[in-house]
Amino acid sequence: DGFLAILEKDAKERAKQRKRNEHLANALKEKGNDAFRKGDYVIAIQRYTEGLEKLKDKQELYTNRAQAYLKMQEYEKAIDDCEWALKCNEKCIKAYFLMGKAHLALKHFNESRQCYEKILQIDPQKESLFKDCTNKVDLEEKRMKDEERATKEVESGKLAALSVKELLQKLDRPDQNILYYTEGIRLLTGAIKDCTEQTLFRTNNGFSILKDNEVVRWGFCAERKNTAEVDLSVSLLFLWQAVCAGNEENQRLLLTYPDVNAQLPKLLSSGVPEIQKQTLALISLYSENENGRRLLIRHQDLTKWLQILMTLVNSTDARASSAMNILSNLTEEERFKTQCRVMLSTGVLPLFTQLLTSAKLVNQAALAHCIGIMGNLCADVVIRMQMAECKECWQACLKLVDECFDVSTPKYQECLFAVLGLMMNLLLESNGVIQHFAVDISGRCMSLLREKDGRIVTRAIGVLSRILPASLSAVEEAVKGGVVKKMIKFLKAGGQITSNYGIKTLSICTRNNRQAQEDLVKSDKKFSVLLKLLESENEMIVGNAAFCLGQCLVVPGAATSLLNSNVVMILLKHAGGDATRTLVQENAAIALGKLCVAEPRHIVQLRKLNGLAILNSSMKYVHST
């Protein structure tokens, strides 16, 4: 007993001591963190070390000290600390992350990748971090191999490699005429044929030509350029295209120069077509791949780019399509969408509505692409809300639809197709502006149902399916215009997308409109179309078809017309089925109950199928309706 008491006392003492040490270690960690934030890494390391003397198994102190060692470029020590951190916590993501960075700095590419792979194994949600990190490893490994190869080619006396070096040396001569530099840049551009020349350009400080040469810098950055300055700027843009094509390290380096970053938006807005054209060509190199787009987002303020690039829809040449391709690529990045919010209401929407209202005058192929891009941007809820609340935007969309009846060229039809898609996206919102325009929008869509282009008809029906819930007046006008008969006609023709939109439109119209219910009974003899839709594999179509059927059974004679059909079996199957959408079961059960109330003879068939229990369970839905 005495021995156990001594052990227990010793354990308590050690627990108290650990608690005191933990308190001291935490205080030292905070002091280390404060020094780290101030950039005093030596003091930070000292404090973390003192903390570890108090508590040797504190993982945060190892990873924090490893981070400080990385800042001091003491990579081996950083790796050691990360390994100690992993002994404290084998699933420490920060330790693997920092160790991966240290291995990368030491050119241990495989070891670095293994660290990042461990992060993904520990937490599969870190896939984005894993991709970013492994991409850096790949780029650094490629850069090193490219530079080794380029060095060998210079040492072996390869003419092409030597010519790049010689031309850069000639361009390095100060105080020459601007024409001298322009011609030298053109010759250099011609000498860059492959990755080796691109690498030699980089390793021989080719990018510093703009920073170190006053004549070149002045000509490139001039606000109002004369002919010689325009020629110089164009030649530089051609050069950068040559050295950056397919070379991500060069793309990265180019954007680290402040003058380039500052000038790119200005060059895009330049009144000189050739400067605009070559600037677009350069930016296209970045926008075509994920890493390039991220470089643009990291180094550029893109808040005005949507507006700048959209302006080029007015161009009649290739600049318009080039600008739209860049925009289309940039919209794949969530951070670009976030930046687009800033200038949307003040700059972008006024320009966009002006383009829509001038559809006859602008580059219509580019305009169609532009409208599609704005539709894609609507995936961002903030952007969609702003656009959906813009009265002028809706008016411009309606004007473009109106003009399609006067202009039937293929390019204008593409604009119409795109604007209908945009309207569908905007109608995911619900607001007073949409309610205000609901009758006008539905009226235009009703007119478009006569179009020969099936794509446009399908989208017009899609817009109807989303605008009609916003206004009872719109429903009344659509029903008066024969919408039910038209939808039955399109539903007979089939097509999954058209059927989805068409039956949704019918379900909205028949919900509370007696005329629509009667029109459906007249147009769809013995409900042949609805019965066919009830057999669909698409649950949305089945649910809406069952709803429509249930609504129309209040029409005298409707339920009786179904006596010799298999409607009871179909509804019973859905009411007792296992559809993922509960509205399928609910709407089928309601329709089944209404069917038997309106025409009791259906109960005979129901008994044969042992479906009375399902009918009884459905009655609560019938009474609630």
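1. A salt bridge is taken here as a side-chain nitrogen of Lys or Arg within 4 Å of a carboxyl oxygen of Asp or Glu. By this criterion, E429 and R384 are paired through their side chains at 2.9 Å, N to O. The pair links distant parts of the chain, 45 residues apart: E429 is in the loop between α25 (410-426) and α26 (432-448), and R384 is in helix α23 (residues 381-388). Helices are DSSP runs (H or I, at least four residues), numbered from the N terminus. Both E429 and R384 are buried, meaning under 20% relative accessible area, with exposed being over 50% and partly exposed in between (1.4 Å probe, protein chains only).

2. The model is predicted: local features need pLDDT of at least 70, side-chain atom pairs count only at pLDDT 80 or more, and totals for chains, interfaces and linings use all residues. Residues are numbered from 1 along each chain as its sequence is written, and side-chain values use heavy atoms, leaving out hydrogens and water.

3. The structure holds 37 salt bridges. One of them joins E140 and K107 at 2.6 Å, N to O. E140 counts as buried because its relative accessibility is 16%, whereas K107, at 35%, is partly exposed.

4. E290 and R294 also form a salt bridge, with their closest N and O atoms 2.7 Å apart. Both residues lie in helix α17 (residues 290-299), four residues apart, about one turn of the helix.

5. M310 lies in helix α18 (residues 305-311) and counts as buried because its relative accessibility is 0%.

Methods
Helix = DSSP H or I, 4+ residues; strand = E, 2+ residues; numbered from the N terminus.
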